[in-house]
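Subject: Handing over a structure, with notes on what was found

Dear colleague,

I am passing on the structure below, and I would be grateful if you read the notes that follow with it open beside you.

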Amino acid sequence: MTSDPSPAHPTAGLRDVVHQRARLGILTVLGETDRADFPYLKALLRLTDGNLGRHIEVLAAEGLVRVTKGYEGRRPRTWVEITRPGRGALAAEMDALKQLVQRYERRHLRPAPPAENGPPS
Amino acid sequence: MDGLDARALLSDSERLRRRARADRHPSSVPLLVFAYLTLFGAPLAVARLWPLGQVYWVVAGPAGFLFVAWWYRRQQARSGVGQGRGSYAAAGVAVLAVLLFVPVLWHSPLAAVAAGLLAMAALQRNAYLATFAAVFGVLGALEDFLVLSNRLADAGLGGEHGQPVVYGALGLLLLVGGLVARHREDNPR
């Protein structure tokens, strides 16, 4: 019986639903603010209405965010709120990204090999 | 995805996080509110007006924190970023905490204000606000025991007005911090 001694590659921890740049941006902002309305996310992430709507639909379908509609005074507002699984998915994604960076730095930023003794000929 | 892509994504995420944090809880608001309150109250900090300065801080301290809480809430509703439901309970706890500060405000007003600002900075994970609150708190606590104004008097400066001068300087410290924060908030990187 053999066992694989090497740890899983950090990309194994990346989840397509979360990993997409705009969706990761949405979760990052909501992770900081708990909730935000549609125009705020649109302006901050520089997305169109359609794009933002589609990304939020994907996240909501996975239960990572919750969408609520209501009024602030007489003004209709659409709020997007991060859920507990959403926070967990964001934390896992961040961990995987940090591991990827650490792995890259270990491989590419190794100290230079020591110089050989004696003057060059 | 390689390490460089991951680093770029992490960097983008950190930028977004900082921006959202600043939009939700601008550092400039508490710094400017307490800068103006400290500057306005400075002339009352003379011995012959006692206890007017203490009374001022017992009223102005809680009022300042309540104003900041109200302003944040209003700003969050306007900008579309913030906590929303459940925050009335948090506001109640904040009011209670502020009222519990009243006895401390009487004896050591600047240190009490700094403690409130530090608590706010900790909740917001705001290092900038924490730095100004800590410096204001250390110098304010020293002045609450007249350490700084006595030094001024020893040097032949200030006299009866030593304490108002120190309060004024501490108010200016917060004012500079608030104006720099406002500039950074208006011109995000």
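A:Q20 counts as partly exposed because it has 14 C-beta neighbours inside 10 Å, where a residue is buried if 20 or more other C-beta atoms lie within 10 Å of its own, exposed if 12 or fewer, and partly exposed in between, with C-beta atoms placed from the backbone. Although A:Q20 and A:H55 are 35 residues apart in sequence, their C-alpha atoms are 9.2 Å apart in space.

Please keep in mind that this is a predicted model, in which local features need pLDDT of at least 70 and side-chain atom pairs count only at pLDDT 80 or more, while totals for chains, interfaces and linings use all residues. Residues are numbered from 1 along each chain as its sequence is written, and chains are lettered from A and ligands numbered from 1 in the order in which they are written.

Chain A

Chain A holds 5 helices and 3 strands, and from the N terminus on its elements follow the order α-α-β-α-α-β-β-α. Of its 121 residues, 28% are buried. If we take the contacts in chain A between residues at least 6 apart in sequence, 57% of them join residues at least 24 apart, a contact being two residues whose C-beta atoms, placed from the backbone, lie within 7 Å.

Strands β2 (residues 65-72) and β3 (residues 75-82) of chain A pair in the antiparallel sense over 8 bridges, and two strands are said to pair if DSSP finds at least two bridges between them. The two form a hairpin with 2 residues between them, and A:G73 in the turn has a positive phi of about 70 degrees. Among the bridges, A:K69 has A:T78 as its partner in β3(A), and A:E72 has A:R75. β3(A) also pairs with β1(A), again in the antiparallel sense, over 3 bridges, and there the partner of A:A36 is A:V80.

Helix α5(A) has 25 residues, which at 1.5 Å a residue should span 36 Å, and its end C-alpha atoms are 36 Å apart, which agrees; the expected span is 1.5 Å times one less than the number of residues. The buried residues of α5(A), including A:L90, A:M94 and A:L97, pack against α1, α2, β2 and β3 of chain A together with α1 (3-24) of chain B.

Where the chains meet

In all, 25 residues of chain A are in contact with 22 residues of chain B. On the chain A side, the elements that give two or more residues are α2, β1 (35-37), α3 (38-45) and α5 (84-108). By class, that side has 12 nonpolar, 4 polar and 9 charged residues, where Ala, Val, Leu, Ile, Met, Phe, Trp, Tyr, Cys and Pro count as nonpolar, Asp, Glu, Lys and Arg as charged, and the others, Gly among them, as polar.

Chain B

Chain B has 9 helices and 0 strands, and 36% of its 189 residues count as buried. Along its principal axes, the C-alpha trace of chain B spans about 70 × 35 × 25 Å.

Which residues of α7(B) are buried? They are B:L129, B:F132, B:A133, B:F136, B:G137, B:G140 and B:E143. Seen down the axis of α7(B), these residues fall within an arc of 135 degrees, so they line one face of the helix; the arc is that of the directions from the helix axis to the C-beta atoms. They pack against α2 (28-41), α6 (109-124), α8 (147-154) and α9 (162-186) of chain B. Just after α7(B), B:L146 takes a positive phi of about 60 degrees.

The largest nonpolar core has 33 residues, of which B:F34 and B:L117 touch the most other members; such a core is a set of buried Ala, Val, Leu, Ile, Met, Phe, Trp, Tyr and Cys residues joined through C-beta atoms within 7 Å. Its largest share, 8 residues, comes from α6(B). A second, separate core of 28 residues includes A:Y40, A:L41, A:L59 and A:W79.

With best wishes

How values were computed: Helices (H or I, at least four residues) and strands (E, at least two) are DSSP runs, numbered from the N terminus.
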